[in-house]
Structure formats: structure tokens, C-alpha cells
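Morning, everyone. Please look at the screen while I go through one model.

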Amino acid sequence: MKIPNIAKEDILNAFNYRHATKEFDASKTISDADMKFILKTAHLSPSSFGFEPWHFVVVQDKELRELLKPVAWGAPLKLDTASHFVLGLAMKAPMVKHNAPYIEHMMKEVKQMPAEVIEMYSKFYREFQERDFNLDTDKKLFDWSSKQTYIALGNMMTSAALTGIDSCPIEGFHQEKAEALLQEKFGIDTNKYGLAFMAAFGYRKANPEFPKSRRNFEDIVTWK
């Protein structure tokens, strides 16, 4: 597979161009091909142990978007104007615990590991949960899954920016109420999945009012 030669300056320009778009141009729609490309970068994203503890729900139905507004205080304007609205779901403990059937499925059917490799990999994964990261509660396991899901979110926003598409990550929601809604109206099994983030995609209605601000590069990087 040939790796494309993308200029570093073009990549940095995309990062500088990207901002958390508060309001989108509702008259503009992302093409199916472009949105599939963005979701494909989530699909191809790395995750701890390669276990992909995520699922993404693209909410295009206007009635369902309306239902989200009361439980997502940071989302109403985006729900009204974004071309595409994505719910990032992270797997809960029953799905990602070291002895869960999903984990066995990933090793056997998806990764197609030989039996001896599965035995070794399972040992490493159990030790990682029980000793290295002390993932001994359901909350800790969900937080770990959410961290993996955020890798996919970052890749989606970056791939969008590289193709001139705007985005906005959203954590402004009541998690318990939102998950109850997902269970009741979206058909999501919230025993298996929790809501990690929301994200809106589309085209900005206006350029940001203020320039991008960041701490000095030297303040965030230490070389030893």
C-alpha cells in the first residue's frame, strides 16, 4: 500500500482551520461519500489491545434530534443546523471485562488468533485490567472504553478538517438522562453501551469570532 505524500504544512493548516463550530450552515449537506470517509477513519482508528470498544450512531432523523435537545444542553443549535450528528458510544463492563464473550469474539473471529496466542493475549489483557491499570469497577472500565472512543473522535474531526468539513465535539449532556433516552427511543442496549460523546459535522455558518489560542508550545513539551 502506497502512503500518500501529504505536506506537513497542509496538515497543520487543517488543524489551524478546525474549530469547535457552534452553528453550521443548515443549507449545506455533507455528501454520503464524504461522511462515509469520516466514519471510515473512526473504523480504522487504533484502540487499546485493538478491541474497538465503540459504536457510532448517526442521527439524521429530525424527530430523534428533537428528543435529544432536553438532555443535551450543549447541542440544540448543532442539532438544528449540523449536516450530520454522531453519538459516540463506549462499551461498558459486560462487554470489555477480560473474560467477556465480546473479547473472546474479537480474538477468535475478528483477529483470528491461534489458540496459543489467545491464551497469551488473554493473560496480558487480564493483567492489564487487574494489575497495571486497576480497572476493578464498572465505572473505571467504561472510562477506559471512553478513552479509546475519543481516539476515534479525534481522527474523525481531523479527517473532516483535512477535507474542509467542520465539526464540534460535545460533552454538554446529562449522561444518565441521555442514556435513558437512547434505551427508550433509539434502541440502544445501555447495559452494553454508554454515551461517551456527541459530535456535529457540517459547514460553518461563519468564521470564528476569535483567533485560535493555545499555550506556548514550550509549555506543553519537555525533552529529556
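How many bridges join β1 to strand β2? Five, and the two strands run antiparallel. Strands here are DSSP runs of E, at least two residues, and helices are runs of H or I, at least four residues, numbered from the N terminus. Two strands pair if DSSP finds at least two bridges between them. W54 stands opposite A90 in β2.

A quick word on the source. This is a predicted model, where local features need pLDDT of at least 70, side-chain atom pairs count only at pLDDT 80 or more, and totals for chains, interfaces and linings use all residues. Residues are numbered from 1 along each chain as its sequence is written, and side-chain values use heavy atoms, with hydrogens and water left out.

Now the whole sheet. It is open, with four strands in the order β1-β2-β4-β3 and antiparallel pairing. At the edges sit β1 (54-58) and β3 (166-170), each pairing on one side only.

Next, the helices on the sheet. Helix α8 (residues 138-162) lies across β1, β2, β3 and β4, at about 10° to β4. Angles run from 0 to 180 degrees between N-to-C directions, and axes are lines fitted to C-alpha atoms, for helices over the stretch in contact. Contact means heavy atoms within 4.5 Å. Helix α9 (residues 175-185) also packs on the sheet. It touches β2 and β4, and its direction makes about 85° with that of β4.

Last, a helix pair. Helices α6 (residues 101-110) and α7 (residues 115-132) pack at about 140°, axes 11 Å apart. I103, M107 and K108 in α6 meet I118, Y121, S122 and Y125 in α7.
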